[in-house]
Amino acid sequence: MTVDALTDVAGVRVGHATRAGEGWLTGVTVVLAPEGGAVAAVDVRGGGPGTKETDALDPRNLVQRVEAVVLTGGSAYGLDAASGVMAWLEERGRGVSVGPEPTHVVPVVPAACVFDLGRGGDFRARPDAAAGRAAVEAAAATGPGEPVPQGCVGAGTGAVVGPLKGGVGSASVVLGSGITVAALVVANAVGSVLDPETGVLYGELFQGRVEYPRDGVRDAARRRLAESAARNAPPPLNTTLAVVATDADLTKAQAQKLAGTAHDGIARAVRPVHLLNDGDTVFTLATGARPLTAGGPSAAGDPLALNELLAAGADMVTRAIVRAVRAAEPVEGAGGAWPSYTELYGGDEGNNGHDG
């Protein structure tokens, strides 16, 4: 049984650390690979990225596998969350072996951040190493294939997409070959996810299931969005982050190609995208449990077998962004007011953050 989320890739776990209230509106999300790690890659398209250890993922470089990926709020300050994840992994001997003893490891923990500073009211309320540790502990405590909480949790706690509240979303698909491709996103974009005239989510135009809100609903939503935009400060820096995971056996170069084409999924759901004040970053994790084939074992070794994964990765990112927006809940406080899509236009897919 699948849960239509990143955890449908066997061995991959997701944990959140969330803090809201008393000036806080931020958090950390950790994607924990199976023990022994996963082949990893990254592709950065936004003009204002905040990242850590992404150079290690270049196919030309030494590191082949990583144990975890960290997505965090707090802008560049929040990258400190990766230190807590590193400490947790070191205690368990998980990382790149650099000495004769099993404990002589260096965990390589790639991380990327979203800008959410001050959205809870306190500019200095941002994730630290303790928050990263809490998120990885939460991931480790989950069972195999457990549903992923979505909406205003983890790194999506303070996320905003255009004038709307953003958040965390996830989706997955099992291909005809039996390979699973899944995505988890933190939707926090400068651009908009919806057509303001019709109220339709851009991402749903690619899913073939568009329902246009009634005229009265659209008119009321436009008024509410204008009021919120007038109250809130313009977003100086925003970012959409994604992790695309698969159980296919990929090289680092193939994983990087998958990360690159997955950005198409962001471009379908967010307009405009990849601006100078975005930091859009996509990571790929490949666990290697299944051979890369297209139509069965006879196709093993066919380089074009990757195409099906490339298409699926982009599709899952689009679906995950839609889910993030639909699962988000409205926020109003000292840092600003952001209505949710479901509050304005209705719909039943948010399902209290557990759509699946």
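Strand S6 is mostly covered, with five of its five residues buried; buried means under 20% relative accessible area, exposed over 50%, and partly exposed in between, with a 1.4 Å probe and protein chains only. The model is predicted: local features need pLDDT of at least 70, side-chain atom pairs count only at pLDDT 80 or more, and totals for chains, interfaces and linings use all residues. Residues are numbered from 1 along each chain as its sequence is written, and side-chain values use heavy atoms, with hydrogens and water left out.

**The sheet around S6**

Both faces of S6 are covered, by burial of Ala 68, Val 70 and Thr 72 on one side and of Val 69 and Leu 71 on the other. Helices (H or I, at least four residues) and strands (E, at least two) are DSSP runs numbered from the N terminus. S6 belongs to an open sheet of five strands with mixed pairing, in the order S1-S2-S6-S9-S4. Strands S1 (13–21) and S4 (51–52) are at the edges with a single partner strand each, so one side of each has no neighbour in the sheet. Two strands count as paired if DSSP finds at least two bridges between them.

S2 and S6 pair in the antiparallel sense over five bridges, and Val 28 stands opposite Thr 72 in S6. S6 (residues 68–72) and S9 (residues 111–113) run parallel and are joined by three bridges. In S9, Ala 111 is the bridge partner of Val 70, and Ala 112 stands opposite Leu 71.

**Helices on the sheet**

Helix H1 (residues 81–91) lies across S2 (24–32), S4, S6 and S9, at about 155 degrees to S6. Helix H2 (residues 129–140) lies across S1 and S2, at about 135 degrees to S1. Axes are lines fitted to C-alpha atoms, for helices over the stretch in contact, and angles run from 0 to 180 degrees between N-to-C directions.

In H1, Ala 81, Ala 82, Gly 84, Val 85, Trp 88 and Leu 89 are buried. They cover an arc of only 155 degrees around the axis, so they are on the same side of H1; the arc is that of the directions from the helix axis to the C-beta atoms. Their cover includes S2, S4, S6, S9 and H2, where contact means heavy atoms within 4.5 Å. Just after H1, Gly 93 takes a positive phi of about 65 degrees.

**Salt bridges**

The structure holds eleven salt bridges, each a side-chain nitrogen of Lys or Arg within 4 Å of a carboxyl oxygen of Asp or Glu. Three of them are listed here.

| Pair | Closest N to O |
|---|---|
| Arg 323 and Asp 4 | 2.8 Å |
| Glu 67 and Arg 94 | 2.7 Å |

Arg 323 forms a salt bridge with Asp 4. Arg 323 lies in helix H5 and Asp 4 in the segment before S1, so this pair ties together parts 319 residues apart in sequence. Arg 323 counts as buried at 9% relative accessibility, and Asp 4 is buried at 14%.

Glu 67 forms a salt bridge with Arg 94. Glu 67 lies in the loop between S5 (65–66) and S6, and Arg 94 in the loop between H1 and S7 (96–97), so the pair ties together parts 27 residues apart in sequence. Both Glu 67 and Arg 94 are buried.

Arg 92 is partly exposed at 41% relative accessibility, whereas Glu 91 is exposed at 51%. Salt bridges that share partners join Glu 91, Arg 92, Arg 133 and Glu 137 into one network.
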